[in-house]
Amino acid sequence: MARTLYDKLWDDHLVTTRSDGQSLIYIDRHLLHEVTSPQAFEGLGLAHRRLWRTETNIATADHNVPTTDRELGVQGIEEDIAKQQVLTLQANCERFDVALFDVTDERQGIVHVIGPEQGLTLPGMTIVCGDSHTSTHGAFACLAQGIGTSEVEHVMATQTLAQSKAKNLRIWLEGTLPQGLSTKDVVLKVIDTLTASGGSGYTIEFAGDALASFGMEARMTLCNMAIEAGARAGLVAVDETTIDYLRGRPYSPQGQRWREAVAYWQSLKSDADAVFDREVRVSLSGLEPRVTWGTSPDQSAAISGRVPEANAENRRALAYMGLKGGEPMRTIEIDRIFIGSCTNARIEDLREAARVLANRTISSRVRQAMVVPGSGLVKTAAEAEGLDEVFRAAGFEWRAAGCSMCLGMNPDQLKPGERCASTSNRNFEGRQGQGGRTHLVSPAMAAAAAVAGRLADVREYL
Amino acid sequence: MQAFTSITGLVAPLERANVDTDQIIPKQFLKSIKRTGFGAHLFDAWRFFDAGILGMVPEARRANPDFVLNEPRYAGARILLANDNFGCGSSREHAVWALMEYGFRSVIAPSFADIFTSNCFKNGLLPVVLPQPSVEALMRECKRSPGFSLSIDLDACEVQHADGRRFQFQVKASDRQRLLQGLDEIGLSLEHESEIKSFEARHKSRFPWLFENQPCRSK
């Protein structure tokens with residue numbers, strides 16, 4: 001019977017069906033960070049259990065780490081409770097023998113950036129992490145899902161995840177993406193089409209001719225935000241781009257094993273006659289750069305558009321955002337710029353922003369603009385290309401890797417009322433700092449907003 | 001896990017859609033390495049005017065009198081009524097811990113986010129999905145009638161109104177069974193230890209590269 005990519009991944013990892021009817025799925029990779037793991041390690045210890053297969057686990061500190069003074073290591077974390085959390089991760093990794101990319105390790109970074117970068121993320125894997133943006137890794141045709149802390153402990157103890165199979169949803173991306181746009185604009189349009197809950201209960205596969213033209217990092221941006229439409233996992237089939245990206249990565253297979261792996265990876269696509277529970281078409285040809293105006297990722301508009309008129313559904317969001325219905329998006333003034341996060345902090349993202357900023361400076365209206373590379377290695381690579389100089393010359397701050405102002409667990413936060421053009425993934429109330437106002441945009445659009453001091457159409461800056 | 005069989009309790013209406021877990025428990029409280037201490041900070045930015053820091057006592061805070069849970073009539077509520085897509089966003093299980101520590105044992109809504117639903121069933125918080133019109137009717141009645149209570153019977157899978165009306169809901173058989181008995185899920189899965197081991201051996205022979213060149217602490 002014809003199968004979808006998700007069906008194949010599920011079948012290849014189905015261990016058994018438990019006595020209560022729940023399926024157990026074998027987990028190939030478990031990514032850990034300091035925020036959602038301590039209670040799981042504690043539970044494991046209290047029950048005198050050990051990790052089922054230690055080497056499938058890899059940890060890093062990303063949420064709480066400061067993006068300045070990195071050479072101070074953990075001691076650079078000012079807030080005691082945040083420092084305690086990172087120290088707890090260190091202690092747990094030592095106790096349970098888990099590999100850790102620690103604060104001063106060059107390989108440290110956002111967990112969803114370092115997985116693919118190291119070849120720890122491979123096609124055909126099942127990947128979990130106590131973080132909803134684990135969907136990112138689905139760009140490599142692996143079943144990657146965010147899980148809660150109880151599930152983290154369950155995976156540690158049993159190497160399995162207990163769950164029921166989701167339904168199949170295919171998003172057809174039709175036509176070609178106009179110049180100046182990125183997959184951030186695409187995924188905001190997809191979420192606008194599906195709504196913030198339209199993907200609930202589904203695994204989303206992104207398909208269509210346009211995908212072949214997207215690099216792996218662009219595909220990761222797509223899958224990263226599948227969760228913002230409610231889908232726990234996003235997927236893209238394997239092609240030559242996938243294989244080229246993984247060749248020679250530190251944890252990628254080598255030699256004969258590489259050839260065996262590639263042979264299998266090439267089967268990781270939906271069969272031509274596979275049946276999906278739901279199919280949705282999104283046209284790229286007429287797409288414009290998109291910007292969110294509300295407090296849910298499905299509240300976005302084209303940059304040439306206007307803030308919608310207030311109604312019962314959006315009144316609260318507009319009040320929180322300090323926006324009036326009918327206001328042109330391009331007149332919204334911006335206080336701060338954030339280029340970073342697991343959505344848009346990879347080298348291609350930084351290149352796109354830097355292209356807009358070359359020989360330009362940020363508006364005097366912008367109080368602060370910062371770039372937070374996704375990992376220490378992204379930072380090094382960007383510096384080798386001179387991107388840091390482009391950003392600095394334009395007036396940006398060049399920071400060290402971490403989650404930073406995507407969720408403001410470290411000192412990088414918006415102040416009440418401040419308005420930010422951000423390349424992150426969530427415009428929820430208070431997400432970037434209590435009272436802060438977030439407009440989600442692509443890296444190039446963030447750069448254009450920095451130069452204009454307001455939301456701006458990047459196509460005028462190319 | 002805390003077992004759930006049936007409860008009868010005061011209902012509080014939260015008339016908002018897409019209530020994300022960032023609202024349920026804001027990021028600054030996730031720095032705790034414990035499972036407790038989150039109830040005092042449930043909906044912190046909505047409940048209080050002052051900026052919340054972990055460990056603050058609610059009585060010492062500036063409460064927002066307009067937020068529904070601060071209305072005296074909803075003190076001690078055990079059931080939360082909400083709109084679509086409750087618990088969306090971040091996977092933080094702290095959201096479920098916060099709701100339970102505050103006193104809630106169930107949330108009734110037309111739909112829930114997937115990861116939030118999983119987290120509920122690991123802890124003994126029952127997410128009840130009812131059709132939108134039923135939720136809206138209950139929401140109206142709840143606001144109109146002080147002391148409005150409902151009973152939820154997981155064994156019968158129904159929400160029971162004092163006037164005799166019954167609202168049926170569906171729960172996956174496995175979730176229902178575990179919740180009714182308060183079972184330790186890891187223990188349940190480890191009953192299948194030998195099957196996991198034999199699967200692992202087959203998996204290794206099919207995909208040997210997943211078992212080689214793996215991260216280890218000394219590397």
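The model is predicted: local features need pLDDT of at least 70, side-chain atom pairs count only at pLDDT 80 or more, and totals for chains, interfaces and linings use all residues. Residues are numbered from 1 along each chain as its sequence is written, chains are lettered from A and ligands numbered from 1 in the order in which they are written, and side-chain values use heavy atoms, without hydrogens and water.

Two packed helices are described by the angle between their axes and the distance between the axes. Helices (H or I, at least four residues) and strands (E, at least two) are DSSP runs numbered from the N terminus. Axes are lines fitted to C-alpha atoms, for helices over the stretch in contact, and angles run from 0 to 180 degrees between N-to-C directions.

| Helix pair | Angle | Axis distance |
|---|---|---|
| H2(A) (38-46) and H5(A) (149-158) | about 50 degrees | 8 Å |
| H11(A) (347-357) and H14(A) (443-452) | about 30 degrees | 7 Å |

The angle in the table makes H2(A) oblique to H5(A), while H11(A) and H14(A) are roughly parallel to each other. Here angles under 35 degrees count as roughly parallel, over 145 as roughly antiparallel, 65 to 115 as roughly perpendicular and the rest as oblique.

Who touches whom? Contact means heavy atoms within 4.5 Å. From H11(A), A:Asp349, A:Glu352, A:Ala353, A:Val356 and A:Leu357 take part, and they meet A:Pro443, A:Ala444, A:Ala447, A:Ala448 and A:Val451 of H14(A). In the other pair, A:Gln39, A:Ala40, A:Phe41, A:Gly43 and A:Leu44 of H2(A) meet A:Thr149, A:Val152, A:Glu153, A:Met156 and A:Ala157 of H5(A).

**A helix in chain B**

Helix H5 of chain B (residues 132-144) has 13 residues and reaches 18 Å from its first C-alpha to its last, close to the 18 Å expected; that expected span is 1.5 Å times one less than the number of residues. Its buried residues are B:Ser134, B:Val135, B:Leu138, B:Met139, B:Glu141 and B:Cys142. Buried means under 20% relative accessible area, exposed over 50%, and partly exposed in between (1.4 Å probe, protein chains only). The strands of chain B that these buried residues pack against include E1 (6-14), E3 (106-109) and E5 (149-153).

**An exposed lysine**

A:Lys415 is in the loop between strands E17 (397-398) and E18 (419-422) of chain A. With 53% relative accessibility, A:Lys415 counts as exposed. Leaving aside neighbours within four places in sequence, A:Lys415 is in contact with A:Arg336, A:Gln434, A:Gly435 and A:Gly436.
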